[in-house]
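This report describes a protein chain through its helix packing and a few individual residues. The sequence and the structure are shown first.

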Amino acid sequence: MIKTEHHDDPTFFLATSENIIVILYIFHMANCSACKKYLWFFTKKYYIYPGKEKGSLDLCEEKYLCQKCFDASFNKKKEENARGRKLSDFLLLMAKKNYADALEMYDSIFDKDIPGDWYTRGNILANLGKRREALDCYNEALFLDTHYAKAWYRKGQILFETKNFVDAARCFENVLQLENYARLFSNRPYRWFNAAMFYCMVSWVLLSNELVKLGRFSNEAHKNAGYWILRVRNGLKIASPQLSTDNFVDFCIQNFGKILDALEPRLLAEFKWDEQFTSRR
Ligand SMILES: [Zn+2]
């Protein structure tokens, strides 16, 4: 018979309050990324997600801001009263689809340190058909905040439209990962999840088809397409389950715009940067 000593029991180790503090300390060693001040476990931290490199497709881990540095970056909000008046005019221009004037108006209140400003500017440029410039804006937004799901979504869209299906799919997968993450840690509902999943499927299907047409069948593209078709079929009630897989895919491609329109959240343009820039947990 094996005799169990109490110190062999992991619950004993966890149960001592002293050790709990040591464990918390190890798992929560953090410094403010602006002033480098050490942040204790019980110190209020604000999370930010800056990118390593502009244009990278990687999601980055969180960094922290202390209360003081957060307040400093947040003080910009106070200047927003004047900005607010212009924003309502801007919204009106967007609603009228007068994107050229909207861009001019937006540039007069644009703040390069706010990810949401880059995002909105990217949207205006995309509406003007300036994809290259729009992509640059989304890259800037994601460089400031790699956890900016909407910006990944829009970047994916531009890459999709320019037939860069592999990178587009990466962007949409990032959206899925972030939306899953957001749902785990808060009660925020999925917003871009379904549309991103649909895009993932169509990206891989179109890539796989294109390679077949070129006589360069790709096992990876074929496998990925199959994986996403299954996920979309099971996850989204788009078409009758009676349809064969081929008919389902044809249906999705033929009705691409209509389906997407139904899956995307209805938004015109965003200005609330605090919600995406940093989140309190
Ligand atoms: Zn600080």
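**Overall composition**

The model is predicted. Its protein chain contains 14 helices and four strands. Of the 281 residues of the chain, 32% count as buried. When contacts between residues at least 6 apart in sequence are considered, 55% join residues at least 24 apart.

**Helix pairs**

Two packed helices are described by the angle between their axes and the distance between the axes.

| Helix pair | Residues | Axis distance | Crossing angle |
|---|---|---|---|
| α9 and α10 | 165-185 and 193-213 | within 9 Å | roughly 155° |
| α10 and α13 | α13: 256-263 | 8 Å | about 155° |
| α6 and α7 | 115-127 and 131-144 | within 8 Å | roughly 165° |

The axes of α9 and α10 cross at roughly 155°. Angles over 145 degrees count as roughly antiparallel, and α9 is therefore roughly antiparallel to α10. The crossing of these two helices is left-handed. On the α9 side, the contact is formed by Phe-165, Val-166, Ala-168, Ala-169, Phe-172, Glu-173, Val-175, Leu-176 and Glu-179. Their partners in α10 are Phe-193, Ala-196, Met-197, Tyr-199, Cys-200, Ser-203, Trp-204, Leu-206 and Leu-207. By class, the contact of α9 with α10 has 15 nonpolar residues, one polar residue and two charged residues.

Helix α10 also packs against α13, at an angle of about 155°. That angle makes α10 roughly antiparallel to α13, and the crossing of α10 and α13 is left-handed. Here Asn-194, Ala-195, Phe-198 and Val-202 of α10 meet Phe-256, Ile-259, Leu-260 and Leu-263 of α13. The residues of this contact divide into seven nonpolar, one polar and no charged.

For α6 and α7, the axes cross at roughly 165°. As a result of that angle, α6 is roughly antiparallel to α7. Helix α6 passes α7 in a left-handed crossing. Pro-115, Trp-118, Tyr-119, Arg-121, Gly-122, Leu-125 and Ala-126 in α6 are in contact with residues of α7. The α7 residues are Arg-131, Glu-133, Ala-134, Cys-137, Tyr-138, Glu-140, Ala-141 and Leu-144. This contact comprises ten nonpolar residues, one polar residue and four charged residues.

Leu-207 is found in helix α10. A residue is buried if 20 or more other C-beta atoms lie within 10 Å of its own. Leu-207 has 22 other C-beta atoms within 10 Å and is therefore buried. Not counting residues up to four places away in sequence, Leu-207 touches Phe-165, Val-166 and Ala-221. Leu-207 and Ala-225 are 18 residues apart in sequence, and their C-alpha atoms are 8.6 Å apart in space.

**The two sides of α5**

Helix α5 spans residues 99-107, and its buried residues are Ala-102, Met-105 and Tyr-106. These residues lie on the same side of α5 because they cover an arc of only 95° around the axis. An α-helix has 3.6 residues a turn, so residues three or four places apart point the same way. On the other side of α5, Ala-100 and Asp-107 are exposed.

**Two lysines with positive phi**

Most residues other than glycine have a negative phi. Lys-36 has a positive phi of about 70° although it is not a glycine. Lys-36 lies in the loop between β1 (30-31) and β2 (38-39). A residue counts as exposed if 12 or fewer other C-beta atoms lie within 10 Å of its own; Lys-36 has 9 such neighbours and is therefore exposed. Lys-36 and Tyr-64 are 28 residues apart in sequence, with a C-alpha to C-alpha separation of 9.4 Å in space.

Lys-97, which is not a glycine either, has a positive phi of about 60°. Lys-97 is located in the loop between α4 (80-95) and α5. With 8 other C-beta atoms within 10 Å, Lys-97 is exposed.

Definitions and conventions:
Residues are numbered from 1 along each chain as its sequence is written. This is a predicted model: local features need pLDDT of at least 70, side-chain atom pairs count only at pLDDT 80 or more; totals for chains, interfaces and linings use all residues. Axes are lines fitted to C-alpha atoms, for helices over the stretch in contact, and angles run from 0 to 180 degrees between N-to-C directions. Angles under 35 degrees count as roughly parallel, over 145 as roughly antiparallel, 65 to 115 as roughly perpendicular and the rest as oblique. A crossing is left-handed if the near helix is turned anticlockwise from the far one by less than a right angle, and right-handed if clockwise. Two residues are in contact if their C-beta atoms, placed from the backbone, lie within 7 Å. Ala, Val, Leu, Ile, Met, Phe, Trp, Tyr, Cys and Pro count as nonpolar, Asp, Glu, Lys and Arg as charged, and the others, Gly among them, as polar. The arc is that of the directions from the helix axis to the C-beta atoms.
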